[in-house]
Amino acid sequence: MAKQAKSHPYADPQAFDRLMLLIATLVNYPGVGYRENDRAEISEPGNHHNALEALKNQLRELAAAVGFQLPEGYPATPTLRRDLEKLRDYYILDRRMYRWGYYLGTGVMDRDEFRVAFNALESQAIYQGDPRIRQIYRQLRKRLRGFEFNEVQTSAVRWGKDYPRKDFFYPVRQHLNRAINYTDPQEMMEKGEFRNTLFHQIDKVERAIVEGQAIEISRSFDLYGHQKVGPLVIWPLQLIYYDIAWYLLYESCSNGCLAIARVNRFSNYCQILTPGGRGIEAQKQSLKRAYRLLKNGWGFKLGELEEQQLELRGELEFVRVKVRFFPPVSSFIEEGELRHSHQKIRRGPKDSQTGKPQYVDYCLELPPRSLDEFSIWVQRYGDRAQVLSPPQLVEKHRQAALNLVDRYTKANN
């Protein structure tokens, strides 16, 4: 007796079309279902949002755009829910909640978002010299050959129409700050410029960061004359690119002191000490403390342990600094509205000829550890900047000016 054929749930043409339209909607509208409310926290009272309803509306819009006439109210929410379960059965969707919108696998961005992200990736690969990012960038660039980027955000809703092709690889945005040291071991090998630095161990450092592992590294040299060289046992917290170089933010395992140091000043050595790790939550708490110090200060010098403890408890006395800037530099100082979260800019009396302030006073309070780095920032403006307080900083800049005059005088004699 012949076995009776079992009807497939998507054997009906309308059901099959519906499933294909659902997949097309997820492909062309990544994040559909919650994108328009992405600033709200789902756990907050009153923020309930029917993601399935938004998904259904987008599916119907796509269907109409490509010529499918769906019945009014079709598909019903329970039907759509079953379709989503079917996609989970085939591992097209993950078996998890999609609270912030539906998307397939890693396809969380639309074309325009992906182009912006690719530009950022390109910058970090080329100019900041991140070896891992450089490898990913090269792989993506190969995979994307022939990819057409249309100005229209989602080309699927306009199938059949011809739009001009755009160059996906054109760097609309670029971050030109360039690393001044070799950072990529492969580049070092190709150029015959070996550097015995921690960049050769950077993958191991990154794994230690995300797994909360303690590591031992070794500082090769100390340019500040503090003789802080040799082995160092730390919890690595973050790799930071700033201005011209990569830095490692870390916490000392011996006393919990937080510090930031240039990656290239550590040698080609990294030993994992705690394979199990302390967990990501402990990492996050230490990172949070470090960023409180960074927000209060100026630059990357985080100070000694006792200072950090006082500062984090709100018991450290800050130093009030005041610098007077003169034209044309004063205009650039005024422009920096967000240079520091605690700054105050006060304008002096107006010049009768230009109508602009004769000077501006830049005021803020800093922890003592930050005065040296703040002083370096002021010095870049030369004779257009005058330190007014605190007294020790006034004297430091006055003496630096006298030393410079003396140096030029001796050079001309």
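Modeller: What follows sets the labels against their definitions.

Modeller: This is a predicted model, in which local features need pLDDT of at least 70 and side-chain atom pairs count only at pLDDT 80 or more, while totals for chains, interfaces and linings use all residues. Residues are numbered from 1 along each chain as its sequence is written, and side-chain values use heavy atoms, with hydrogens and water left out.

Biologist: What makes the contact of lysine 56 and glutamate 53 a salt bridge?

Modeller: A salt bridge is a side-chain nitrogen of Lys or Arg within 4 Å of a carboxyl oxygen of Asp or Glu. The N to O distance for lysine 56 and glutamate 53 is 3.7 Å, so the pair meets that definition. The two residues are three apart in helix H2 (residues 51–65), and therefore about one helical turn separates them. Helices are DSSP runs of H or I with at least four residues, strands are runs of E with at least two, and both are numbered from the N terminus.

Biologist: Why is lysine 56 called buried, and how is glutamate 53 classed?

Modeller: Buried means under 20% relative accessible area, exposed means over 50%, and partly exposed lies in between (1.4 Å probe, protein chains only). Lysine 56 has 11%, so it is buried. Glutamate 53 has 28% and therefore counts as partly exposed.

Biologist: Which residues are linked with aspartate 89 in a network of salt bridges?

Modeller: The network links Glu85, Arg88, Asp89 and Arg95. Within it, the closest N and O atoms of aspartate 89 and arginine 95 are 2.4 Å apart. Aspartate 89, at 40% relative accessible area, is partly exposed, whereas arginine 95, at 56%, is exposed. The structure holds 23 salt bridges.

Biologist: How do you know that lysine 322 and aspartate 361 form a salt bridge?

Modeller: Their side chains meet at 3.8 Å, N to O. This pair links distant parts of the chain, with lysine 322 in strand S6 and aspartate 361 in strand S8, 39 residues apart. Lysine 322 counts as partly exposed because its relative accessibility is 26%, and aspartate 361 is buried because its value is 7%.

Biologist: What makes S6 and strand S8 a pair?

Modeller: Two strands pair if DSSP finds at least two bridges between them. S6 and S8 (residues 360–366) have seven bridges, in the antiparallel sense, and valine 323 stands opposite tyrosine 362 in S8. Four bridges also join S6 to strand S9 (residues 385–389), again antiparallel, where valine 323 stands opposite valine 387. S6 (residues 319–325) is mostly covered, with five of its seven residues buried.

Biologist: Why do strands S4 and S5 count as edges of their sheet?

Modeller: The open sheet has five strands in the order S4-S3-S2-S1-S5, with antiparallel pairing. S4 (258–262) and S5 (271–272) each have a single partner strand, so one side of each has no neighbour in the sheet. Five bridges join S3 to S4, and four of the five residues of S4 are buried.

Biologist: How is lysine 142 classed by accessibility, and where does this residue lie?

Modeller: Lysine 142 has a relative accessible area of 58%, and therefore it is exposed. Lysine 142 lies in helix H5 (residues 131–143).
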